[in-house]
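Keep the picture open as you read.

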Amino acid sequence: MNDDIVLLPLTDDDREQFIKDNQEAFRYGATEEFGLRDDHFEEDGEIISHKTISDSIDAGKAYRIMLGNEKVGGVVIQTDGEYGDLDLLFVSPKAHSLGIGYRAWCAVEKMHPEVKLWETVTPYFEKRNIHFYVNRCGFRIVEFFNSHHKGPHDDEDFEMFRFEKRIER
């Protein structure tokens, strides 16, 4: 198998599978942390709802992460000049710890050299994600949303970290 990572624009015929794969990746992280007693779901049985992912795809640019001919994850970004928002980045649990997420993130940065500030968020319990963003990709934690400090969507009662990565070129 070719070990080069390629980001391919998401196609309409792959949209539903992309959403299911994203939900599987988030569900895996929650189950790994909380086991079957998890109560952090947006919708029945899912950490991240179909609507949340679908809205993200509609508002941004979605890509499949390919390892050779195999779909191993996905990424959704939004860019506006020097600002970029990493809405979603997921790797299939079957492909964890192979450097796929990091190589995919490097490909995103390379695709958008104009972006000087990237932002993203992740749930507080996603230790793998926190490690990934801070220790692998160079983001820093800049805010912690919780019941005492609401996030950008005040209706969310979900604890999460906001990260930034400033790029000097």
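This is a predicted model: local features need pLDDT of at least 70, side-chain atom pairs count only at pLDDT 80 or more; totals for chains, interfaces and linings use all residues.

**Salt bridges**

How many salt bridges does a search of the whole structure find? The search finds 11.

| Salt bridge | Closest N and O atoms |
|---|---|
| Asp14 and Lys71 | 3.2 Å |
| Lys51 and Asp55 | 2.6 Å |
| Glu164 and Arg166 | 3.5 Å |

Start with the pair Asp14 and Lys71. Asp14 sits in the loop between β1 (5-9) and α1 (15-34), while Lys71 belongs to strand β3 (residues 70-80), so this pair ties together parts that are 57 residues apart in sequence. Asp14 is buried, because its relative accessible area of 6% is under the 20% cut-off. Lys71, at 43%, is partly exposed.

Lys51 and Asp55 make a local pair: both are in helix α2 (residues 50-59), 4 residues apart, which is about one turn of the helix. An α-helix has 3.6 residues a turn, so residues three or four places apart point the same way. Lys51 is exposed at 57% relative accessible area, and Asp55 is partly exposed at 38%.

**A closer look at Glu119**

Is Glu119 buried or exposed? With 15% relative accessibility, Glu119 counts as buried. You can find Glu119 in strand β5 (residues 117-123). Its side chain makes a polar contact of 3.2 Å with the side chain of Tyr83, and another polar contact, of 3.1 Å, joins it to the side chain of Arg162. Leaving aside residues up to four places away in sequence, the residues that Glu119 touches include Gly84, Leu86, Phe139 and Phe163.

Which residues of helix α4 (residues 127-136) are buried? They are Asn129, Ile130, Phe132 and Tyr133. These four lie on the same side of α4 because they cover an arc of only 160° around the axis. Their cover includes β4 (83-91), α3 (100-111), β5, β6 (140-145) and β7 (160-166). On the face turned away from the buried side, you will see the exposed residues Lys127 and Asn135. After α4 comes Gly138, which has a positive phi, near 85°.

How values were computed. Residues are numbered from 1 along each chain as its sequence is written. Side-chain values use heavy atoms; hydrogens and water are left out. Helices (H or I, at least four residues) and strands (E, at least two) are DSSP runs, numbered from the N terminus. Buried means under 20% relative accessible area, exposed over 50%, partly exposed in between (1.4 Å probe, protein chains only). A polar contact is a pair of N or O atoms within 3.5 Å; within protein, one must be able to donate a hydrogen and the other to accept it, and residues adjacent in sequence count only if both atoms are side-chain atoms. Contact means heavy atoms within 4.5 Å. The arc is that of the directions from the helix axis to the C-beta atoms. A salt bridge is a side-chain nitrogen of Lys or Arg within 4 Å of a carboxyl oxygen of Asp or Glu.
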